[in-house]
Amino acid sequence: VEVIKGNASALFGSAAMAGVVNLISRRPTTEPIHEFLFNRSSLGETDASMFLASQLTPHWGASLLGGGYWQEREDVDNDGWADIAGYARGVVRPRFYWDNQKGGTALLTGGMVYEDRSGGTVPGAVLPATGQPYIEALTTRRYDAGANVQWVLGGRFVLTGRFSASDQEHRHQFGDDIERDRHELLFGEVSVKGTAGKNTWVAGFADQRDAFQPRDTPRFGYIYVVPGLFAQDDLNVASWLSLSASARLDFH
């Protein structure tokens with residue numbers, strides 16, 4: 001986990017006004033990795049996960065993360081209401097890594113998350129105001145894919161491309177009310193980085209499509225397409241001093 005403090009909105013968009021938290025993927029090593037985790041808590045939580053990784057060839061590696069997670073619905077204070085929601089979740093995420101040993105790299109990934117979560121009154125209990133049981137539940141189905149590619153051009157420039165897509169479907173239940181929705185996200189970015197004397201610069205183009213499609217409350221739906229241009233230049237004035245100037249223009 002890398003924490004980049006300070007304003008980073010020029011390179012990462014308006015959501016990075018206070019900085020960026022960068023989650024760096026764990027990569028395969030020369031020795032195969034086989035790790036398994038099992039956990040059981042006193043409140044009825046059970047976790048079982050595995051991480052497998054291996055270098056397949058001198059240029060290709062792969063990893064697989066998978067797990068199943070369960071939580072029993074718990075009424076800790078015995079008032080008939082679930083203080084801890086019950087859930088069952090399954091996760092699968094394969095990844096492939098490529099490195100040509102000359103500065104060219106690529107990361108390809110995909111994933112699926114299935115989760116069923118339920119709360120509200122526990123079996124046999126009712127709401128005092130209505131005398132009826134009340135269920136709060138959430139079903140989640142998520143699919144995503146992404147890629148990150150880097151290539152060195154002429155020994156002076158680095159071309160980078162990023163892409164991601166995700167589709168997430170929800171089914172909310174509040175008593176007898178059902179609300180279904182779908183979240184879609186598409187993101188792409190291409191940038192070029194280079195050096196000139198004491199300057200290190202980067203410039204690029206990004207585009208993002210964010211869509212929300214509520215089936216039962218369509219008036220809240222939206223679709224945003226946000227293209228953007230960005231640039232940044234770092235000047236090394238001395239070994240102890242550097243200056244940075246950056247700008248970004250998004251069309252929302």
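Student: Which residue in β13 is the bridge partner of phenylalanine 230?
Tutor: That's arginine 248. Keep in mind that this is a predicted model, where local features need pLDDT of at least 70, side-chain atom pairs count only at pLDDT 80 or more, and totals for chains, interfaces and linings use all residues. Residues are numbered from 1 along each chain as its sequence is written, and side-chain values use heavy atoms, leaving out hydrogens and water.

Student: Thanks! How many bridges do β12 and β13 share, and in which sense do they pair?
Tutor: β12 (residues 222-238) and β13 (residues 241-250) are joined by 10 bridges in the antiparallel sense. Two strands count as paired if DSSP finds at least two bridges between them.

Student: And how many residues sit between them in the hairpin?
Tutor: There are 2 residues between β12 and β13.

Student: Zooming out, how many helices and strands does the protein have?
Tutor: It has 1 helix and 13 strands. Those are DSSP runs numbered from the N terminus: H or I with at least four residues for helices, E with at least two for strands.

Student: What about the radius of gyration?
Tutor: The protein has 24 Å, while a compact globule of 252 residues would be near 18 Å. The radius is taken over C-alpha atoms, and the globule rule is 2.2 Å times the number of residues to the power 0.38.

Student: What box do the C-alpha atoms fill?
Tutor: Roughly 75 × 50 × 35 Å, taken along the principal axes.

Student: Last one: what share of the residues is buried?
Tutor: Buried residues make up 29% of the 252. Buried means under 20% relative accessible area, with a 1.4 Å probe and protein chains only.

Methods: Buried means under 20% relative accessible area, exposed over 50%, partly exposed in between (1.4 Å probe, protein chains only).
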